[in-house]
Amino acid sequence: MNYVSRFRKYGLSDQLYDFLQNLSGVASGLENVVLVVSIPASEMEMTSEDEQDYGRLKKLLDRTSKAVIMSADADTAEIIRRRLFEWGSQMNPDGRVQLSKDAIKTCREYAAWVRSHKNQVPGWFPVDQAQEAFEAAYPFHPIVLSVFERKWQALPRFQRTRGVLRLLAFWVSKAYQENYTGAHSDALIGLGTAPLDDPIFRAATFEQLGEDKLEGAVTTDIMGKNDSHAIRLDKESTKAIQRARLHRKVAAAIFFESNGGQTSGTDASLPEIRLGVADPSLDIGNVETVLEALSKSCYFLTVDGNRYRFSLKPNLNKIFVDRQAGIERRDIDDSVRNAILKVFNDNKGIKPIPFPEKSNDIPDHPALTIAILSPNHRRRDDETIRLVESLTRDHGTSARTFKSAIVWAIAENDAAMASEARKLLAWEKIRDEERLLHLDDGQKRFVNENIAKARRDLEEAVWRSYKNIALLDKENKILLIDLGLAHSSAAKSLIDLYKNDLRQKGIVEDRISPNFLMRNWPPAFKEWSTRAVLDTFFASPQFPRLLDPSAVKETIANGVSNGIFAYVGKAGSGRYDPIFSNTELRASEVEISDEIFIVKEPIDVEIDVKKVVVSPDNVVLRPGDEVRFVARGFDDHGREVSIEAIGWSAFGGSIDDSGSFRSGPDEGTFVVKAVSGGIAGEARVVIKDEEIELQRVVITPQDVTVSPGSKQAFSVRGFDQNGQEVSLSNVIWEATGGVIAGDGFFEAGTDEGSFSVTARSGDLSGSSQVTIKSQVVAWDGDVTPQKWMNFYTKVLSKFVSRKGLKLRVFVEVSDASVQEIEEMRSALMDLGLEDELEVK
């Protein structure tokens, strides 16, 4: 036995070393040998020569030792502990071991724990005789001795005699060493205390299992390496689990109960695991916690409901780790970017600009824009801030006009997103290979669940990473804002989270008061174009950004309706037309244009009177009769305007400043004239010295058609027996289908049909038929760009406040540049119109 000399380094005593040297010479005379070798943990690794020597030594001991037959009754434990321990005075005359008071107390405490958890331990365990079972197996846990009978006896190479004793001898030696050195202290030798970190013990165990390839599975998942999964999980756990080494114990219990997966259907059930790691101080709930952690981390642990098994077959965790290692960086980057786009596009309203690298990638338009920097541009990199500065201030080769419109989304770090993307891609790869990997239905469900979880985790990583925003502050410098811990439960979308924070800081607003415009009115502006008003909110850092550019329309409409300022158009001559001053104006009626302005009230407006109409005309009077004439002014569009300083003059009688005319004594046809602003209007008057008898009352217009809710002016004229118009007095108006005022203005109701308007003077009356009907008028034609404003003013302006106006515009530009197309699209977005353009 020359090879024995190499065992000197494992700490053998001189006496044992000499014993082994001479063992071959006396082996034939030995009745039974049980060899116990305690090896320091620092010297556990055996060389190939050591393993060969171990094999020869084992064969020698097997050949010279006496067989001990394992039995299923209580004698089994008695035989084993007499063979492995020196009991001395504790042996009874009948050959049985008499336990000490401390040992009995220990057994009583373990039995009490089992009884209090009798519904959580295996049904085959004698709970009512638990103390007797623990005393019979002491210092072993009863499940240690029973596992070989229950689970291992079917193994082809399992030795129920020498093999078990040799295995337990190694086990006892290691337990003694750990207790002696103070490394660990366990009241009983349980399945969880198996010294699987010892290479010699592992070799003996694998021999009984008939499979030495389990080395990798055990050292990877249970123990044998510093980074074994169970060892690592214990280090990362709570103090209670860490102190109990519960991950290691549970994993070892599963290994023995499932005999390393060497026989089909031999699993470790949850009750068996609980019993295998039972300890009076054990919180039984921690067992499930540990099992969950092991099932997520171990590579060779198979889980089927509440049954567990270690084997050579790698599980999905191992396959997952292998697939992770094969994922290419390019695929990870694509997955991260897709996740970023999904998170940022999951909102209504603002459409973000993803991953700009050039200033032209971001449109220069007056609307809030979220620009998402690529994840490789990290928040703490100086180059990132320089890029933000450059892209904010420039647009192509020109300076950017709407610098304040841009809000930057910047990633803190891309590492977490890349890690989660790698996991997602690995699970998706496993799903794609499920047929090749022969996954069962449970494993397929597990893979799909992990794909869904990985997607959620990746999106959460995007939330956590993109917690930084940047924009211009009021000093025209880049302001960085850290939102802190961001997560998907903080807002409906990541952009909503940005908006909420910026609202609180007053950087963005949903709406603006008209008084804000008055306080910030540019001193040099008498009139402020609506286009310039909108632009200022996104060009000047002194103004808050508007979440919705159309809020400017609402502000202008409120300002006009409340008499704060006026809303006007400006004609080529410089005069205002049309004018909305201190009148109700709807936001939908407001146009954002360089030709439309707001003007501070009171507005100084000079309106040109183009025509003056005097009524009544052709009236017949007797000498000395009186009639009142009225002058009305109209502009060049036929719209009535107020006129002042009317100068009246008349022939055939006298007229005062109010238009009251008294006929003179002379008969004939005379003229009454009214002049305002150099524009004159006149009416004829006939004076006859004869009895005038009213014969006929005529209403104009006759047979008129109007729309529901519209207004129509009616006038009434009286005629005498000679067919001459005469003045009427005390005219009474009546109408059906609507209401009519004393001056003949009729307002149609909502009902359609044929109705009438009647005017009565004395016993005579006249009527006109009124048809109330919705009418649709349409026009289709070409308008040259030079006539657009005139087209609006002369054709459309009278309809803009009406609900019935509908415009459908076709625009074609044959020489637009790429930038102009983008600006056109931006302008359409500003107006709230569809921004999809057909580019040929």
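What follows is a chat about a predicted model of one protein chain.

Colleague: What average pLDDT does the chain have?

Modeller: The chain of this predicted model averages a pLDDT of 84, and 86% of the residues score at least 70. Among the elements, strand S8 (residues 406-410) has the highest mean pLDDT, 96, while helix H2 (residues 23-26) has the lowest, 41.

Colleague: Where does pLDDT stay under 50?

Modeller: One such stretch is residues 1-44, for which the model has 75 contacts beyond four places in sequence, and another is residues 64-73, with 27 contacts of that kind. Where pLDDT is low, the predicted coordinates should not be read in detail.

Colleague: Back to S8, then; which strands make up the open sheet with S8 in the order?

Modeller: The open sheet has five strands in the order S4-S5-S8-S9-S10, and their pairing is mixed. Strand S4 (353-354) and strand S10 (478-482) are the edge strands, each pairing on one side only. S8 pairs with strand S9 (residues 468-472) in the antiparallel sense over three bridges, and Trp408 stands opposite Ala470 in S9.

Colleague: And S20, which strands is it joined to?

Modeller: Strand S20 (residues 630-634) pairs with strand S17 (residues 611-615) in the antiparallel sense over five bridges, and two bridges join S20 to strand S21 (residues 640-641), again running antiparallel. Gly633 in S20 is the bridge partner of Val612, and Gly633 also stands opposite Val641 in S21.

Colleague: Changing topic, how many salt bridges does the structure hold?

Modeller: The structure holds 35 salt bridges. One of them joins Lys151 and Glu257, whose closest N and O atoms are 2.8 Å apart. This pair links distant parts of the chain, since Lys151 is in helix H7 (residues 142-152) and Glu257 is in helix H13 (residues 246-257), 106 residues apart.

Colleague: Are Lys151 and Glu257 buried or exposed?

Modeller: Both Lys151 and Glu257 are buried. For another pair, the side chains of Glu389 and Arg393 meet in a salt bridge at 2.4 Å, N to O, and both residues lie in helix H18 (residues 382-393), four residues apart, about one turn of the helix.

Colleague: Why does Glu389 count as partly exposed?

Modeller: Glu389 counts as partly exposed because its relative accessible area is 30%, which falls between the cut-offs of 20% for buried and 50% for exposed.

Colleague: Last one: which residues make the nonpolar surface patch?

Modeller: The patch, of about 530 Å², is made by Leu805, Leu807, Val809, Val811, Val813 and Met824. Val813 sits in the loop between helix H25 (788-796) and helix H26 (818-830), and Val813 is partly exposed, with a relative accessible area of 48%.

Note on methods: Residues are numbered from 1 along each chain as its sequence is written. This is a predicted model: local features need pLDDT of at least 70, side-chain atom pairs count only at pLDDT 80 or more; totals for chains, interfaces and linings use all residues. Side-chain values use heavy atoms; hydrogens and water are left out. pLDDT is the predictor's confidence in each residue, from 0 to 100. Contact means heavy atoms within 4.5 Å. Two strands pair if DSSP finds at least two bridges between them. Patches are made of residues with over 30% relative accessible area and no salt bridge: like charges are joined within 9 Å, nonpolar side chains (Val, Leu, Ile, Met, Phe, Trp, Tyr) within 5 Å. Accessible areas come from the Shrake-Rupley method with a 1.4 Å probe; for residues, only the protein chains shown count as cover. A salt bridge is a side-chain nitrogen of Lys or Arg within 4 Å of a carboxyl oxygen of Asp or Glu. Buried means under 20% relative accessible area, exposed over 50%, partly exposed in between (1.4 Å probe, protein chains only).
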